[in-house]
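Open the model in your viewer and keep the selection panel at hand.

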Amino acid sequence: MERKRFGKMLLPAICLLLISQMGCTDSGAGGEERKDFYNILMQDGADPWVYKHTDGYYYFTKTTGVDVTVWKSASLTGVDAAPRRVIPTGGHGIWAPELHYIHGAWYIYYAMDDGDNVNHRMYVMENTSADPTQGVWKQKGQITDSTNRWAIDGTVLPLDDQLYFIWSGWEGDVNVSQNLYIARMSNPWTIDSERVEIARPTYAWETNHSPHVNEGPQVAVRNGTINLVYSASGSWTNDYCLGLITADVTSDLLNPASWQKRAEPIFASGNGLYGPGHHSFTTSPDGTEDWIVYHVAKYKDAGWNREVRAQSFTWNEDNTPNLGVPADPNLPLALPSGEASRSRYEAEKGMFGAGVSVLASTSSSGGKYAGRFEQEESYAEFSIQAAAGEYILLARTANGSAAGEVSYVELSVNSESSVTLSVLPKGWDNWGLSTARIQLKDGENKLRFTRDRGKFGLDFFDLLPLRALQQ
């Protein structure tokens, strides 16, 4: 009897010892249902544009430099893992594309040059398919006024039955100042009036770097007030911010006096995030919330090394947007209203090997994360229960490589399939987002994150079933 009792007591002790040696406290099988997220949408990118269409999908694009890429996502927070279509342009310096649905067709407006920035001009292409990621994109050519000067960041303002084109350009042929111009359009690819200057950098916060910059105009109309929110100061600096110009919908928009510029920026650096700018406006899936999608520097003094974030905003009594400050990157935000909840698996509850261990961090979820993915084949494994289907995996990751090298992680699912995740370098306590689409089977699944190259940390990962987005 004593021998049997001793054996029963010894087995749990051995198990606890093994668990301690493996660095495992819980395989995380259940996960925790969450209705929040950390507000980074893409760990790399600038000049984000989001268009929420009547089909319920978000169509997203951003600057890639070499082409126009369009993502199609059923959720705002899952856009990074969405299917995409790459559309060649045949040019260079492809900047700040925007996707608009006008008069029953899709139009992409983008800046392009021939390899020399001095020759940047605005161009437009058209697609009559119901889905912009399908069908044929036809080049409609350059869209310009009679001056044919340097132009970028074009956007369209539809007002009643009239279209207006608003963009950032040079007054002459030298890069001294980027001003905002407006012109009337006769159709989605043609300007039929002279350009009119409606803003130029004048305030100290717009002229603190050279050249002086007003760019990235975006329009939101509310209760008869046209809000033209634009980016100011140097996009390569920590001072990049958003300003506001307003006009009444009944005014003559080709009269500069119709536009009134605010003396102070309405969205600037804060909460450890620098240079917020070049944004777009959209709504939550159920249409009850307004959201701003914008880029910021990945860290202080990061220059043009940027990432994409999003947060909700409200309106002031005068019908202008109240954007607040960039949301704290280490505090969770409520998901956009109407977006499906997800299951969260904290990394510290995994089973570890090859040097991986639980580390403390005030910036991580719950104050802990899995770190020291430094050795060959360092891994963290999780056993989870799931229903069969395709899932979006969103992992909160960090890379503090002193050499500034990208880290790569092999994510294997049930030892049958794998996908490579990238973790871009920006600091150990500066979390990013690595995403993938994976297929899970019914019942127990094994997910293993294995170091491929570089070093990284894993805070947690969320699983979002695609079927929840399709309901």
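What is the mean pLDDT of the chain, and what share of its residues reach 70 or more? This is a predicted model; the mean pLDDT is 93, and 93% of the residues reach 70 or more.

Colour by confidence and select residues 1-27. The pLDDT is below 50 over this stretch. Leaving aside near neighbours in sequence, residues 1-27 have 18 contacts in the model.

Now select residues 177-187, strand E14. Why is E14 described as largely enclosed by the rest of the structure? Because nine of its 11 residues are buried, that is, under 20% relative accessible area.

Pick serine 168: its bridge partner is leucine 180 in E14. Then trace the link between the two strands, a hairpin of six residues.

Move on to residues 196-199, strand E16. E16 also pairs with E14 in the antiparallel sense, over three bridges.

Select residues 212-222, strand E17. In which sense do E14 and E17 pair? The pairing is parallel, over two bridges. Look at serine 177 here: its bridge partner in E17 is histidine 212.

Last stop: residues 190-191, strand E15. E15 and E14 pair in the antiparallel sense over two bridges. Asparagine 187 stands opposite threonine 190 of E15. A hairpin of two residues connects E14 to E15.

How values were computed:
Residues are numbered from 1 along each chain as its sequence is written. This is a predicted model: local features need pLDDT of at least 70, side-chain atom pairs count only at pLDDT 80 or more; totals for chains, interfaces and linings use all residues. Side-chain values use heavy atoms; hydrogens and water are left out. pLDDT is the predictor's confidence in each residue, from 0 to 100. Contact means heavy atoms within 4.5 Å. Buried means under 20% relative accessible area, exposed over 50%, partly exposed in between (1.4 Å probe, protein chains only). Helices (H or I, at least four residues) and strands (E, at least two) are DSSP runs, numbered from the N terminus. Two strands pair if DSSP finds at least two bridges between them.
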